[in-house]
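Visitor: I would like to learn how to read a few features of a model. Where do we begin?

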Amino acid sequence: ASSPSHSIDSPLAHTAGSNVAVVVPAPMPTALTYRVGEGQTIVDGSIVKVPLGRRLVLGTVWGASQDEVNPSRLKPIEQIVDAPPIRAPLRAFVDWVADWTLAAPGMVARMVTRGDDLMQRDPPVTAVRKAGAPPERITPARARVLDVMVDGDVYTKSGLADLAGVSTAVIDGLVKAGTLEKITIQREPGRIEPDPDFDPRTLTEGQADAVHELIAEGPKDGSLDVALLEGVTGSGKTEVYFEAIANTLREGRQALILLPEIALTAALLDRFAERFGAMPGEWHSGITPKTRRQVWRGVAEGKVKVVIGARSALYLPFEDLGLIIIDEEHEAAYKQEEWVSYNARDMAIVRARFEKAQVILASATPSVESRINAKAGRYRHIPLPARYGARPLPSLSAIDLRRTPPERGTWLAPPLVEAVRDTLERGEQSLLFLNRRGYAPLTLCRTCGHRFECVMCSAWLVQHRFTQTLNCHHCGHIEPMPKACPECGNTDSLVPSGPGVERIAEEVATRFPDARTLVLSSDMMGGPKRLKAELEAVAAGEVDIVVGTQLVAKGHNFPGLTLVGVVDADVGFGQGDPRASERTFQLLTQVTGRAGRADKPGIGLIQTHMPDHPVLQALLAHDTERFYTLEEEARRRAYLPPFVRFVAVIVSGTDVAGVKAHANHLKAIARPPETIDVLGPVEAPLAMLRGRHRQRLLVRGPRGRETQSFVKSWLARADKARGDMRIDVDVDPQSF
Ligand code: ADP
Ligand code: ZN
């Protein structure tokens, strides 16, 4: 049974014989009804094990069941899990997310309760200490044990055995003799609490103003409290939101910081510890099951005060969440597209509303959506226009590849090569940025023209020299680099086409053989530890030239870095993606923003064939305002988000004809109201992914709930998808 110390929202326990609604982790539209057994103490939010088909699954009690179920068919609750019940605001949030994303409530609830293992308590540690008189029979081994022990201190059995250089059997003997007593210790997470006054920074005037505005009372009526903290790169956004966290801690409430990438967590954990004198909880896919259990429980019991994590941390069962920070709020990585499609930034705002918490969105380059919300007064807009320490922003210029092209077979134009050489001579660091992993994006046969494509996806295989493989960046398929063309059999005709970071690094090694060069790309990394060490080496000046993908574009502080060269600014433009301009503007601002963050000024050089592109022009002039105005106008004219709502409906399966037929069927039965259009079906942006063919219908409608309501009733009328066919709904898709 749940322990009395857990806070219980509803004093009303469900008694034996009554029926409760339990949300189970399955794609079902509603909760299922179960019977409360003799001696079971169940409240709303209790986590329980219930039979589902032949399995026992982890479910959550949502309330009393209103359903009429034949008592003979009713199954009992098998077991109550020893965990704090899920509180009402989090249950309400789960319902809201399910309703908004058109996902099954159980699939959303699953992100809260996760696996079985999460609920287990760590076994208590068995320890010993001196308790009674020395034993009658003293052996040399026993004497050694008693010798090394300090009265009153507690030792683990194995630790003590090691210390004394004896076997654990000797310790057991002493316990039996009554000389030592066994005790158990339950380890508690969050033993050291972050201290809001541990080591506060002296803020600049601009930063202090921003902090003041942030922690000034939000709206009094309990409505939305969102602040957009828009600060140029190096302005000290982190220092500013740390002060908001300090304020939350002083109020005795909990805080959550979301980051778009695991690669950024290590550095932020350290910075947090320096400021607050304690480690926060850490939450992402890279942590151990043990940490996972401790953070989950610690957060639920209110012992872990601050969590730094990936988007999934949004579903943690905080006891009293007072503040959510979304760092780099514009990042596409906040969008999850598997199972439940949701944007953690948008959902954080909803969670905060249920928890009566504040939200801070932080970015140097906010999403167009957030910028518009701020301008319209729905969010408070808090700017930090200057870099810390009066450092100038990097001076940016374009290198026109039409006038000064790179030599044949190379990718760095003469002005960029010169700049790297100058930087090297001054003993400073350069970063060459290209957002393409591997050696070459495409491999082709010079003789017959064959191109290597993934068998499971409609995508080229990317050549990786380091590992001598061809990789699919969509499904993870990897094959050894072939020796001959599978089409014509020629053995010396396979050539790489275009550059990836490995190829740029090769050019750098040829041009600057004495420079210390490092490639930083997510597939080169040997895990987060290695990456952390590499990033620290860069920060310590042990590397002269970094060649990197977007992994190095954001968040990091490299004091010696003064030159950033963008190898190909045009990669991001075009391709018919309406968000391309926004993404490119953000990425290039972020990456050039790495330059000149310490005492020496920075330079950004951008290689492009389109130096007059309005987005590039705004970027070069550091004119964010102009970019957002341009982009807002373009979106408004073209009926694009955020002025309309898109919902993507993707039909996928291994049988291409079946998929097409089902997509056509959906189109045929759609009866949208006048305000809504159903576009398509057409092949989805990746027509085949992991062996599944994909057709997409795009629904365009007004903001608000109408569009979702239409999709819900439309899909409910459709024929059941057969075989392995699946229908995924994505509200506010990334590409449209
Ligand atoms: P941003 O996130 O806006 O790019 P950071 O918070 O990382 O900026 O700050 C940039 C650098 O300036 C960091 O090294 C940070 O420690 C330093 N810094 C910013 N504000 C202060 C301050 N008030 N006191 C001391 N150092 C600061
Ligand atoms: Zn693939």
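Guide: Begin with strand pairing: two strands pair if DSSP finds at least two bridges between them. Helices (H or I, at least four residues) and strands (E, at least two) are DSSP runs, numbered from the N terminus. This is a predicted model, in which local features need pLDDT of at least 70, side-chain atom pairs count only at pLDDT 80 or more, and totals for chains, interfaces and linings use all residues. Residues are numbered from 1 along each chain as its sequence is written, while chains are lettered from A and ligands numbered from 1 in the order in which they are written. Here strand 7 (residues 125-130) and strand 9 form an antiparallel pair with six bridges.

Visitor: In what order do the three strands of the open sheet lie?

Guide: The order is 8-7-9, with antiparallel pairing. Strand 8 (155-156) and strand 9 (180-185) are the edges; each has a single partner strand, so one side of each lacks a neighbour in the sheet. Helix 5 (residues 168-176) packs on this sheet and touches strand 7 and strand 9. Its direction makes about 105° with that of strand 9.

Visitor: How do helix 3 and helix 4 lie relative to each other?

Guide: Axes are lines fitted to C-alpha atoms, for helices over the stretch in contact, and angles run from 0 to 180 degrees between N-to-C directions. Angles under 35 degrees count as roughly parallel, over 145 as roughly antiparallel, 65 to 115 as roughly perpendicular and the rest as oblique. The axes of helix 3 (residues 140-148) and helix 4 (residues 157-164) cross at roughly 105° and come within 9 Å. The two helices are therefore roughly perpendicular.

Visitor: Which residues of helix 3 and helix 4 meet?

Guide: Contact means that two C-beta atoms, placed from the backbone, lie within 7 Å. Arg 144, Val 145 and Val 148 of helix 3 meet Leu 160, Leu 163 and Ala 164 of helix 4.

Visitor: Is Pro 441 buried or exposed?

Guide: A residue is buried if 20 or more other C-beta atoms lie within 10 Å of its own, exposed if 12 or fewer, and partly exposed in between; C-beta atoms are placed from the backbone. Pro 441 has 20 such neighbours, so it counts as buried. Pro 441 sits in the loop between strand 20 (429-433) and strand 21 (442-445). Leaving out residues up to four places away in sequence, Pro 441 touches Arg 436, Trp 460, Val 462, Gly 498 and Gly 500.
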